Amino acid sequence: MTPELYSSLSLATPELIVAIGAMALLMIGVYSRGSSSTLVTTLAVLVMLAAGAWIVLFTGDGYAFNHAFVSDPFARFMQVVTLVGSGVTLIMSVGFARSEKFDTFEYPVLVMLSTLGMMLMATANNLIALYICFELQSLALYIVAAVNRESLRSSEAGLKYFVLGALATGMMLYGISLVYGYTGSIDFATIRDAVGAERQVGVLFGLVFILAGLVFKISAAPFHMWTPDVYEGAPTPVTAFFAVAPKVATMALILRLVMTPFEPVAADWQQIIVFVSIASMAVGSFAAIGQRNFKRLMAYSSIGHMGFALVGLSANSQEGVRGVVIYMLIYVAMTLGTFAFIIAMRRKEGLVEKIDDLAGLSNTNPVMATMLTILLFSLAGIPPLAGFWAKWYVFLAAINAGLYALAIIGVLTSVVAAFYYLRIIKIMWFDEPAGGFVPMAGELRVVLGLSGAFVLFYVLIGGPIGTLAQAAAKSFF
């Protein structure tokens, strides 16, 4: 083994742990007698925990595989957040999968393969690596959207996601071909030099198409049309997975793309990001007002939150990148807790998803009502909860960059979005009870409790998190 290959493999050890673990668990699932879903899910979570621990304890900085792969503080931070999101959604799926009869061992294996693609997205350092890792996570996501084969809604969700996702991938691939054609390279550093030497319209067209494919995956407007239907149709733990891990990984890829090869044309891509940010904030805030299904409402909520996160990227500054990194971490914590609650919305006759089913929950289950209230206040950005600080960092970065109009629009759309969060709180605390839910599963209680505690006490632990985010942001400056 050559020293270069040994160095590359050592840097990619966390990805190798997940890849080998996924293949091993596939064999365990195939050759086990009876249902092996719970065993495979448990082992999958342990594999992700091992990969995350290796990233934190042993992985250093450097390039691998002829500069196609880069390991830096930014990549490691986003990888750990992605692994946390994927692992927690697997934990939340155990009881749900058993009760809803889709407890197949293929589900955790597909989640692991998708997570592998997401980890590689944070480290991609050339256009081919960008495309391959993007497709690795996407193909697994198309399947898990339709994993419940007995559900017509789940099959429909998977088909819609696949068709629209294929269109987005085609647009991104066309953009990659344009950039390669005009710069003569797929390497990010070489593209940066070529773009900085001469501003070419063809390269900018390529960038637009690549960004179109990427913002589709984070559900940003105007490429958000798949989100409400897929969120509603997919099994709820799968929806939770869609809402967190792919968003973090794709946001990491967008940050690396615009901050490394296309940094010399920042004035051009800033206009695109500002437009997408405003459109997402507006769609996420206004379209959610009339929603009656909790999962559809969370779909529009995620569209809005991606718009708020892009406010920080629009600033094109170290402070802005730091704001985006912190925002994604807090968004993951809030969303996981909220979906743990949605999974627990179950009566004797089965699952319920309507917001009106929460009526009078404070009388029948005050603890659940209190935890959801904390999370909804945080999603709305009410101080001093974590959601307020997430928005504070990105809006402050925009103001310091002179983007006053963008910051004002962000604050106004936050006020509009607060309406539909507060309406749920009003239904829980002031409406006549509609009947209680069956007792919450133990794993869901833990997730909801930890999420609520993180959101409530973020003001006490925000310092160390801010320091880690600052180190991640410095990777580009």
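Buried means a relative accessible area under 20%, exposed over 50%, and partly exposed in between (1.4 Å probe, protein chains only). The model is predicted: local features need pLDDT of at least 70, side-chain atom pairs count only at pLDDT 80 or more, and totals for chains, interfaces and linings use all residues. Residues are numbered from 1 along each chain as its sequence is written, and side-chain values use heavy atoms, with hydrogens and water left out.

**Exercise 1. Aromatic pairs**

Determine how many aromatic pairs the whole structure holds, and characterise the pair formed by Tyr142 and Tyr161.

Solution. 
- Step 1. Rings of Phe, Tyr and Trp (its six-membered ring) pair if their centres lie within 6.5 Å; planes under 30 degrees apart count as stacked, over 60 as edge-to-face and the rest as tilted.
- Step 2. Tyr142 and Tyr161 are edge-to-face, with 5.3 Å centre to centre and 80° between the planes.
- Step 3. Helices (H or I, at least four residues) and strands (E, at least two) are DSSP runs, numbered from the N terminus. Tyr142 belongs to helix α6 (residues 127-145) and Tyr161 to helix α7 (residues 152-183), so the pair ties together parts that are 19 residues apart in sequence.
- Step 4. Tyr142 is buried at 8% relative accessibility, and Tyr161 is buried at 1%.

**Exercise 2. Packing of α13 and α18**

Describe the relative orientation of helices α13 and α18, and identify the residues that make their contact.

Solution. 
- Step 1. Axes are lines fitted to C-alpha atoms, for helices over the stretch in contact, and angles run from 0 to 180 degrees between N-to-C directions. The axes of α13 (residues 294-314) and α18 (residues 404-430) come within 11 Å and cross at roughly 160°.
- Step 2. Angles under 35 degrees count as roughly parallel, over 145 as roughly antiparallel, 65 to 115 as roughly perpendicular and the rest as oblique. The two helices, α13 and α18, are therefore roughly antiparallel.
- Step 3. Contact means heavy atoms within 4.5 Å. Among the residues making it are Phe294, Tyr300 and Phe308 of α13, and Gly410, Tyr420 and Ile424 of α18.

**Exercise 3. Charges over rings**

Which ring faces lie under Arg322 and Lys391?

Solution. 
- Step 1. A charge sits over a ring if NZ of Lys or CZ of Arg is within 6 Å of the ring centre and within 35 degrees of the ring normal.
- Step 2. Arg322 is placed over the face of Tyr393, at 5.0 Å from the ring centre. Lys391 is placed over the face of Phe308, at 4.4 Å from the ring centre.

**Exercise 4. Backbone geometry**

Locate the cis peptide bond between Ala221 and Pro222, and give the phi of Phe65.

Solution. 
- Step 1. The bond joining Ala221 and Pro222 is cis, with omega about 5°; Pro222 is in the loop between α9 and α10 (227-233).
- Step 2. Phe65, a residue other than glycine, has a positive phi near 55°. Its place is the loop between β1 (62-64) and β2 (69-71).
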